[in-house]
Amino acid sequence: MFNLGLELEQKQIKRQWEYSLPISIATIIVPYRAGAALSIYMYDIYNRDGFKPPDRTAFILFAASISCAAMNNVIGWCSLTLAGTFAKGSGIAGLWVILISVGYVLFMFIIVRWSINRLASSFFCDTLDIHSFFGAFIVGVICLKSGQFTLELFEKIELITVELLLPLFFAASGMRTSLGSLNDKLYGDITVVIFAVDTLAKFLPATLMTKCVTKRSWRFSTSVGILMNTRGLIELIALNIGLQLNILSPRLFTMFLIIALVTTFMTSSLLWLVYL
């Protein structure tokens, strides 16, 4: 997460905010509502899993958040934070955590922007019941992007994160995956339905809004829609958090994991077809 924040170029966002903002909003609102709607049905699956159902509000917020690039991730993390708080049984505490999160981000950007220690940031977020992942991401965002600082720091950290920690994370996710739980045709069909709804709810708004605000070709707009539909690492992290908080059962974790992997793997092939 620190590496992702480090790669995020704020100047690029500032230069293109009039394009990125409406596209991000469109790809947040539609998938969020679609995910929330699907979650009402998916919640009943718990009754067949023999898994103790989590708080309904927590589950709806979680399902909505994983159905939602940088701005979208921030909204998703805020929703995930709320879901985690509801899962622990306190709605008032959820509001308090969100207020603390906003204060934390302002504190980081305004006061500690140039001198924060990233380890302390992750610990601070974890202590506040936000998530340490969020703290690491924020520190990466506020780090200097000019000179040799980012280049040298990123190269040193990338060797550890990409070559060691990331493979271990994927291995741990694979060990938590239970493909046998989808042997029933019902759950296979549900997975396909969720995949279709999630993909359309993300791809169509991104493509249409890109076409409207940029006035560029349909080929370019379609490419943006395909890229925005990519779930990638962020969703895998969110899914693992959901499993740890007992918001997701092993069966639902497996269903969402398959969808995240398929949407990620098909990205390069679809882009190749668009520009063929």
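How much of the chain over residues 21-43 is helix, how much is strand, and how far apart are the end C-alpha atoms? Over that span the chain is 96% helix and 0% strand, with 32 Å between the end C-alpha atoms. Before going further, please keep in mind that this is a predicted model, in which local features need pLDDT of at least 70, side-chain atom pairs count only at pLDDT 80 or more, and totals for chains, interfaces and linings use all residues. Residues are numbered from 1 along each chain as its sequence is written, and side-chain values use heavy atoms, with hydrogens and water left out.

Let's start with the overall fold. The chain holds 14 helices and zero strands; here helices (H or I, at least four residues) and strands (E, at least two) are DSSP runs, numbered from the N terminus. Of its 276 residues, 43% are buried, where buried means under 20% relative accessible area, exposed over 50%, and partly exposed in between (1.4 Å probe, protein chains only).

The unreviewed UniProt entry annotates "transmembrane region" at several stretches, including 21-43, 186-205 and 253-275. UniProt positions follow the numbering used here, feature names are shortened, and annotations may be inferred rather than shown by experiment. Residues 186-205 are 100% helix and 0% strand, and their end C-alpha atoms lie 29 Å apart.

The largest nonpolar core has 44 residues, and Ile-194, Leu-239 and Leu-248 touch the most other members. Among the elements that give two or more residues to this core are helix 3 (17-42), helix 10 (149-176), helix 11 (185-214), helix 13 (232-244) and helix 14 (250-274). Such a core is a set of buried Ala, Val, Leu, Ile, Met, Phe, Trp, Tyr and Cys residues joined through side-chain atoms within 4.5 Å. Leaving aside residues up to four places away in sequence, Ile-194 touches Leu-38, Met-42, Met-255, Phe-256 and Ile-259; contact means heavy atoms within 4.5 Å.

Helix 11 also carries Thr-207, which counts as buried at 5% relative accessibility. Beyond residues up to four places away in sequence, Thr-207 is in contact with Trp-218, Ser-221, Thr-222 and Gly-225. Another buried residue is Asn-240, at 3% relative accessible area, which sits in helix 13.

What about helix 14? Its 25 residues should span 36 Å at 1.5 Å a residue, and this agrees with end C-alpha atoms 36 Å apart; the expected span is 1.5 Å times one less than the number of residues. Thr-267 is one of the buried residues of helix 14, as are Met-255, Phe-256 and Ile-259.

Finally, a look at charge. A search of the whole structure finds one salt bridge, meaning a side-chain nitrogen of Lys or Arg within 4 Å of a carboxyl oxygen of Asp or Glu. The partners are Lys-185 and Asp-189, with their closest N and O atoms 2.9 Å apart. Both lie in helix 11, four residues apart, about one turn of the helix. An α-helix has 3.6 residues a turn, so residues three or four places apart point the same way. Lys-185 is exposed at 61% relative accessible area, while Asp-189 is partly exposed at 36%.
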